[in-house]
Amino acid sequence: MNIAEIAKLAGVSRAAVSRYFNNGYISDEKKEAIRRVVEETGYRPSVQAQTLRTKKTKLIGVIVPKIASASIGRVVEGILSVLNNSSYQTLLAVTQNDPKKEMEYLSAFNDKQVDGVILVATVFSAAYKRILKNLSVPVVIVGQQLSGYCCVFHDDYHASYDLTELLLKKGRNRLGYIGAIQQDKAVGAERYRGFKDAVSSSGYEELADNHVIASFSVASGYEKTGELLEKCPNLNGLICATDTMAAGAVQYLQEHKIRIPEQILVAGQGDSDMSKVTSPPLITVHYSYEKSGELAIQMLMELLEQKETAVKEVKLGYYLVDPDPAI
C-alpha cells in the first residue's frame, strides 16, 4: 500500500492523506474516510520516507540518570502522558548516574538523530556545558536550573529549609544531615544549603557540621547513618536529601535498637511510596515530579513547533508531608 492507493480507496486526494498523517487540517468527513481505510488495510506510513521528506524524525530523546528511582519514574510518567497523545515517539537513555554517559548520549542524539531532547540532568561540568551549547536540536532540562536554557526545576532550597524548621519546632535541636554530592546543584547543594541556613537562623550554626555525603541508594543511606552517628552520637533528628537515603537510615536505626521517633526522628525528601511504607512513615517533602515532566515536554513541543522561542525557566513549588503532626 502507498498514499496513492489509500487516497483512491478513501475517495480523497493524495494531499488529504498526507495532511492526515502529518496532523494537518482536513474535514472530519475526509478524516473518517481515511481512518476507515487505514484501519481496514493496516497501513502504516514509512518512517524513513517521512524523515527524508520532512527532515523530522518524530523522535524525542529522554536522558535520565537511572530508572530505579521513584522521582525519575514520575518525571518520565509526566513526559509520556503528553507524548503518548502526540505523533512523537520516545528514545529513553539511562546513564546510571554517570555525567560522562549523559554527555555521550547528548552527542549521540545530536545532528538530527532526534528532533529534541528532554534532559533529566545531574552535574554540569565545563565540558558538559560546551556540548549543550553546540547542540543542533532544542533541549529542555528537568530538575536543574541552568541559565540560558529552558528548564523546569524545584524549589529545593526552601523545601529543605522549611523541613529543617519543622524538625526544630518539634524540639529536635540536635540534627544531622545526610546529603548528596555538592556538584549536584539541586539535590546536593541547594538542599544542604536550605538545611544549613535553617539551623543557622535558629541559632544552631554548629549543626551544619553534622553532615555526611551519601549516594542515591538505601544501602548508602544505611552506611552513612552509621558514619554520622559515630561522628555525632547524640543526634535526636536526622534529615536526608532523599526518601531512599532516609529508608536506609531507618533500617540502620532499627537494627541498632534506636527507637524512631522517640530517640531519633527521621525525615526524607520526595514523598515517594517508600516514605509511606517505612515504619513509622517518614516526614517528607512533596515535589511535583510528574508536573515537571509534563511542563518540560510541553515546552519542548512549543520549541519544535516554533510557537515559542524565548528561554523559559519554571520553578515548581512543594509542600511538607507530616504523617503524625503530634510528634
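At 0% relative accessibility, Cys151 counts as buried, the term buried denoting a relative accessible area under 20%, exposed one over 50%, and partly exposed a value in between, as computed with a 1.4 Å probe on protein chains only. Its sulfur lies 7.5 Å from the closest cysteine sulfur, that of Cys150, which is too far for a bond. Cys150 is likewise assigned to the buried class, with a relative accessible area of 7%, and the closest cysteine sulfur to its own is that of Cys151, at 7.5 Å and too far for a bond. In keeping with this, a search of the whole structure finds 0 disulfides, a disulfide being defined as a pair of cysteine sulfur atoms within 2.5 Å.

These values come from a predicted model, in which local features need pLDDT of at least 70 and side-chain atom pairs count only at pLDDT 80 or more, whereas totals for chains, interfaces and linings use all residues. Residues are numbered from 1 along each chain as its sequence is written, and side-chain values use heavy atoms, with hydrogens and water left out.

The chain has 327 residues, of which 49% count as buried, and its C-alpha trace spans about 80 × 40 × 30 Å along the principal axes. Its secondary structure comes to 13 helices and 12 strands, where helices (H or I, at least four residues) and strands (E, at least two) are DSSP runs numbered from the N terminus. Among contacts between residues at least 6 apart in sequence, 69% join residues at least 24 apart, a contact meaning heavy atoms within 4.5 Å.

Two helix pairs were examined in terms of their axes. Two packed helices are described by the angle between their axes and the distance between the axes. The axes are lines fitted to C-alpha atoms, for helices over the stretch in contact, and the angles run from 0 to 180 degrees between N-to-C directions. For helix 5 (residues 70-83) and helix 13 (residues 289-304), the axes come within 7 Å and cross at roughly 40 degrees. Helix 5 and helix 13 are therefore oblique to each other, since angles under 35 degrees count as roughly parallel, over 145 as roughly antiparallel, 65 to 115 as roughly perpendicular and the rest as oblique. The crossing of helix 5 past helix 13 is right-handed; a crossing is given this name if the near helix is turned clockwise from the far one by less than a right angle, and is called left-handed if anticlockwise. On the side of helix 5 the contact is made by Ser71, Arg74, Val75, Gly78, Ile79, Ser81, Val82 and Leu83, and on the side of helix 13 by Tyr289, Glu290, Ser292, Gly293, Glu294, Ile297 and Gln298. These contact residues divide into 6 nonpolar, 6 polar and 3 charged, with Ala, Val, Leu, Ile, Met, Phe, Trp, Tyr, Cys and Pro counted as nonpolar, Asp, Glu, Lys and Arg as charged, and the others, Gly among them, as polar. Ser292, which lies in helix 13, is buried at 0% relative accessibility. Leaving aside residues up to four places away in sequence, Ser292 touches Val75, Val142, Val152, His154 and Leu316.

The second pair consists of helix 6 (residues 99-109) and helix 7 (residues 126-133), whose axes come within 10 Å and cross at roughly 15 degrees. Helix 6 and helix 7 are therefore roughly parallel to each other, and helix 6 passes helix 7 in a left-handed crossing. Pro99, Glu102, Met103, Leu106 and Ser107 of helix 6 make the contact with Ala127, Tyr128, Ile131 and Leu132 of helix 7, a set that divides into 7 nonpolar, 1 polar and 1 charged.

Several backbone features fall in loops. In the loop between strand 2 (89-94) and helix 6, Gln96 has a phi near 55 degrees, a positive value in a residue other than glycine, and at 68% relative accessibility Gln96 counts as exposed. Asn97, placed in the loop between strand 2 and helix 6, has a positive phi of about 60 degrees although it is not a glycine, and is partly exposed, with a relative accessible area of 35%. The peptide bond from Ile260 to Pro261 is cis, with omega near 5 degrees, and Pro261 lies in the loop between helix 11 (243-255) and strand 9 (265-267). A cis peptide bond also joins Ser279 and Pro280, with omega about 0 degrees, and Pro280 belongs to the loop between helix 12 (273-277) and strand 10 (284-287).
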